[in-house]
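Good morning, everyone, and thank you for making time for this. Please bring the sequence and the model up on your screens, and I will walk through a few parts of them in turn.

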Amino acid sequence: MNKKLGPATLTVATWVLAILFVFPLLWMILTAFKQEADAYTDPPKLFFTPTLNQFAGVFERGFLPYLGNSAFVTVVSTVFVLLLGIPAAYALSLAPVKGTSNALGFFLSTKMLPIVAAIIPLYVISQRVQLLDNVWMLIILYTSMNLPLAIWMMRSFFLEVPTEMIEAGRIDGANLPTLLRKIIAPVVAPGIAATALICVIFSWTEFFYSVNLTAARAGTVPVFLVGFITSEGLYWAQLSAAALMASLPVMIVGWIAQNHLVRGLSMGAVK
Amino acid sequence: MRKTRLIPLILAAVLALTSCAGAGALGTSGRTLVVAIVSNPQMKDAIALSGQFEAANPGVKLKFVSLPENQARAKITASTATEGGEFDVVMISNYEAPQWAANGWLENLQPQIDADPAYDVADFIPSIRDSLSYKNSLYAVPFYGESSFLAYRKDLFEKAGLTMPAKPTWAQIADFAAKLDDKAAGVAGICLRGKPGWGESLAPFNTVLNTFGGQWFDQGWNAKLDSPEFKAAADFYVKLIREHGEVGASSSGFSECGTHYTQGQAAMWYDATVMAGTNEDPESSKVVGKSGYAPAPVERTQSSGWLYTWALAIPKAAKDKDAAWKFMAWMTDKAYVQKVGAAYGWNRVPPGVRNSTYQIPGYQEAAKAYAQPTLDGIADANQQKAMVNPVPYPGIQFLGIPEFQDLGTRVSQQLSAAIAGQISVDDALKQSQEYAQTVGNSYKEAR
Amino acid sequence: MTSAPFTSTATIPDSAQKRRTSAATTRARSQAVKRRIPLLPALFFVLAVTQLPFLLTVFYSFQSYNLVRPGSQHFVGLQNYADVFSDSTFLVALLNTVILTVVCVLVSLLIGLGLAVLLDRKFLGRGIVRTLLITPFLILPAAGALLWKTTVFDPTYGLLHFVFGTDTDWLSQFPLAAVMAQIIWQWTPFMMLLILAGLQSQSKDVLEAASVDGASRWRTFVSITLPHLSRFLQLATLLGAIYIVNSFDAVFLMTQGGPGTASTNLPYYIYQRAFEGFDIGQSSAMGVIVVILTMIVATFALRLMFRTFSVTGGVK
């Protein structure tokens with residue numbers, strides 16, 4: 001199409017840009033396999049003898065409980081989001097009543113409340129109900145944090161369902177569960193998958209609630225990373241190894257499901 | 001639909017993970033002590049040695065939450081104040097201990113201490129012990145203690161034909177700083193903290209303020225940040241740093257100054273007595289053996305050094321207080337000092353707490369340049385000796401009132417801005433006076 | 001993507017019911033109630049978890065309350081609000097938040113647009129490049145912040161030092177810009193994905209017709225692609241702004257708001273006043289002010305979004 005820029009040049013340029021953009025990340029992966037002495041060098045070292053010591057060190061510092069907490073909180077809160085969100089999205093799309101747009105507006109507006117504005121009451125409340133430093137507090141908060149966006153996204157997918165088919169199903173006397181399974185589910189399944197993925201990403205990476213409401217028992221992976229800041233500075237190689245391992249689960253899920261992600265997000269925009 | 005196959009896979013992985021990490025997530029076994037501490041070097045040695053405690057006390061497992069100072073303080077304070085009960089042992093300082101004891105948030109440790117003569121409470125340096133006491137009972141046991149003093153480069157003083165007096169005044173120090181300042185060689189006259197934070201720049205500044213006769217509040221809780229004495233002290237401090245201080249002063253704290261001084265980039269350094277350990281450590285310092293140590297400079301008072309200690313306490317809401325005490329006693333008794341000495345060498349021993357530490361020949365040898373000045377500084381650190389006028393709050397380099405963390409941080413930000421030259425000292429003090437008066441008013445109402 | 005069928009879901013039953021008897025109206029009403037039921041659990045849950053704590057925040061904002069001073073809690077009316085507005089640091093933090101949000105959203109949107117356009121063609125290894133590019137969005141923001149603080153910005157061992165050869169201490173000389181760079185890096189992939197979705201939903205026929213008509217590539221982009229993308233860009237802006245205005249991780253981990261207050265944004269300042277100063281009254285007042293300001297901005301944003309909805313056929 002373009003005569004000035006050959007496709008090959010454009011391809012090379014894209015590759016170069018992409019690699020530059022993620023270079024800090026590639027560098028982090030490289031650093032994770034270094035000894036500490038190789039991590040602090042000027043100029044930075046590209047070639048070195050790789051080691052797995054840093055990863056072992058991360059596990060020695062008690063990484064597993066944090067990883068377990070993160071996994072538990074992420075999965076359970078995502079399941080809750082779907083359990084609460086799917087009926088709501090259904091009600092807001094296929095069976096709408098008066099006040100639908102108000103409800104939708106309300107859900108979205110809660111996303112705009114700065115989370116920091118309510119952190120003190122949350123701390124006090126969770127202390128009163130004995131949920132301080134408890135994974136269930138995080139599950140409750142992450143569910144409410146992700147629910148608005150999830151409802152909004154899923155509603156877009158529900159709007160894709162051909163209404164004629166639902167009406168036809170109703171006339172044939174199918175009840176709601178049957179309708180859901182036979183007609184709605186096939187259409188909206190990819191959308192629900194994309195929504196779940198977004199919830200997983202946001203729950204896994206959430207930092208503010210976790211750092212303020214947990215201590216020894218319920219800390220999630222981001223909190224583990226804070227322990228690497230000390231008065232003597234950071235151990236770069238070990239920090240890189242920890243950062244890599246902490247991010248790896250969502251990275252893998254995100255890579256595998258990136259097509260769903262694009263589709264899910266674009267639906268939100270169009271509908 | 002690839003996702004559908006993915007979900008069971010993920011679920012399986014998660015279940016496997018949570019079951020092996022289950023103990024961390026959902027309910028821990030009865031005898032796990034959760035210890036919240038500040039991640040300073042001496043505390044890390046304690047974590048490393050804590051396996052010995054677990055071996056000696058089967059059935060008690062330790063779990064450390066080790067955080068940088070600011071975060072540790074935030075978490076520990078929030079948890080103790082609301083009786084959150086997340087921690088069995090917390091590390092606090094002499095800023096918190098008396099206040100929290102008065103609030104009824106801490107366990108009185110005196111009965112446990114009295115029941116154990118081998119713990120030898122009389123061995124603690126008296127001023128340190130007093131700073132952690134409330135109504136003659138100890139509510140926290142000291143792990144580490146410090147005052148402030150002045151390190152100076154004997155070689156540079158000799159070259160310039162100067163002598164450090166036994167008890168220097170700030171006027172003399174300013175004069176020395178001007179003479180020793182050598183911008184061409186990259187040597188600053190003096191290194192002083194300019195980094196904001198009530199525990200950073202305000203610590204040295206407040207000792208200067210005290211000896212200049214200034215104060216934050218008078219006995220009627222009127223803020224006095226606009227008084228001539230306060231202004232004189234602030235002008236002096238800011239001017240000294242701006243003219244003869246280190247580069248990047250407004251973001252230099254203890255560690256930054258440490259780097260400057262040990263790399264030979266400053267002729268003098270006024271800071272915490274623990275700095276001597278860094279200065280005399282051949283691994284990190286280029287000026288080993290070149291330093292003399294003088295008491296904190298004065299102006300209108302006898303002494304001016306500060307008093308600070310990191311100590312261990314048990315919050316009222318802690319679940320396993322007996323085990324908690326056992327661990328605290330282990331970490332603060334005489335035997336612990338020996339353990340550190342044997343494992344890591346005498347310069348790694350937590351200083352400034354027990355008189356007996358200073359009797360150990362190995363320690364005396366390792367610390368001969370600074371052991372006595374440290375001990376003298378700590379012993380002399382009290383309000384009677386360090387201040388001109390009476391004040392309604394306890395503390396030397398801090399104000400022992402709960403609002404000071406917040407107030408101090410905000411005032412120190414103004415001070416840093418003045419040191420950076422962004423605003424004038426007058427403007428900084430004007431805004432600070434407003435902050436302080438808000439706090440003062442709340443005490444006026446309360447009376 | 002036409003609006004008609006979906007609007008009809010809402011309107012047809014209504015108009016049909018009007019023609020029936022009053023008994024039928026009652027039945028329709030109970031039908032409407034029944035239809036609301038699936039919505040209620042989510043509604044009550046979000047209501048309880050987000051609004052109750054906020055009501056408590058409003059309550060605290062009228063109190064003088066220092067957490068570490070027991071017995072200090074008492075009603076002070078609007079005093080906290082007056083103190084907040086006379087606090088110069090609050091205004092600095094407010095300004096920083098606005099700068100941070102606007103710059104980060106715009107820049108990551110622009111870079112995202114550029115990358116999306118580059119990706120919207122077939123080339124060797126396209127899947128790999130896209131995978132690479134979305135990864136910054138997938139790593140933990142906390143990890144990203146620490147990574148930038150160390151390996152990128154460190155004055156002696158950092159990558160920028162290596163590239164430029166200067167000993168610039170980026171985090172203390174350009175603190176806000178450094179924090180923004182990290183946030184932009186983190187959010188660009190998100191913007192890129194959204195815009196890419198928009199680009200791929202374009203009708204190829206229209207583009208081909210344009211190129212047959214001899215329109216230049218740039219003309220086609222400006223007059224066909226951009227208008228088509230506008231909804232996607234709006235969505236990206238809205239979602240990006242919602243998350244970026246709350247940025248806490250990067251400030252907390254990279255600069256601690258400093259030096260001084262140079263990189264303090266509102267979330268961090270409120271956190272500081274609450275968890276370092278324990279001034280519950282004032283930090284709550286700040287929280288309330290921030291909510292009101294956000295609501296004002298958000299009302300405009302939401303109105304914009306909903307206008308888009310009603311045009312495209314959302315449910316009224």
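This is a predicted model: local features need pLDDT of at least 70, side-chain atom pairs count only at pLDDT 80 or more; totals for chains, interfaces and linings use all residues.

Let me begin with a question: which residue does Phe149(B) stand opposite in S9(B)? Phe149(B) stands opposite Pro295(B).

Residues are numbered from 1 along each chain as its sequence is written, and chains are lettered from A and ligands numbered from 1 in the order in which they are written.

Now to the sheet in chain B. Strands here, like helices, are DSSP runs numbered from the N terminus, with at least two residues (E) for a strand and at least four (H or I) for a helix, and two strands pair if DSSP finds at least two bridges between them. Strand S7 of chain B, residues 148–153, pairs with S9(B) in the antiparallel sense over 5 bridges, and the open sheet has 3 strands in the order S8-S7-S9, with antiparallel pairing. Strands S8 (268–272) and S9 (291–295) of chain B stand at the edges with a single partner strand each, so one side of each is left without a neighbour in the sheet. Helix H12 of chain B, residues 254–262, lies across S7 and S8 of chain B and runs at about 145° to S8(B); such angles run from 0 to 180 degrees between N-to-C directions, with axes fitted as lines to C-alpha atoms, for helices over the stretch in contact.

Next comes strand S6 of chain B. I call a residue buried if 20 or more other C-beta atoms lie within 10 Å of its own, exposed if 12 or fewer do, and partly exposed in between, with C-beta atoms placed from the backbone. In S6 (residues 141–146) of chain B, 6 of the 6 residues are buried, so this strand is largely enclosed by the rest of the structure. S6(B) is joined by 5 bridges to strand S10 (residues 308–313) of chain B, and the two run antiparallel; within S10(B), Leu312(B) is the bridge partner of Val141(B).

Ala140(B) also deserves a look. Leaving aside neighbours within four places in sequence, Ala140(B) is in contact (C-beta atoms, placed from the backbone, within 7 Å) with residues including Ile92(B), Leu132(B) and Leu312(B). Ala140(B) is also one of the residues that touch the most other members of the largest nonpolar core, which has 310 residues; a nonpolar core is a set of buried Ala, Val, Leu, Ile, Met, Phe, Trp, Tyr and Cys residues joined through C-beta atoms within 7 Å. The largest share of this core, 17 residues, comes from helix H8 of chain A, residues 135–158.

Helix H8 of chain A also holds Trp136(A), which is partly exposed, with 17 other C-beta atoms within 10 Å. Trp136(A) lies 59 residues from Ser77(A) in sequence, and the two are 9.1 Å apart in space, C-alpha to C-alpha.

Finally, the contacts between chains. Between chains A and C, the contact takes 90 residues from chain A and 85 residues from chain C, and helix H6 (residues 100–112) of chain A gives the largest share of the chain A side, 10 residues. Between chains C and B, the contact takes 20 residues from chain C and 21 residues from chain B.

Notes. Two residues are in contact if their C-beta atoms, placed from the backbone, lie within 7 Å.
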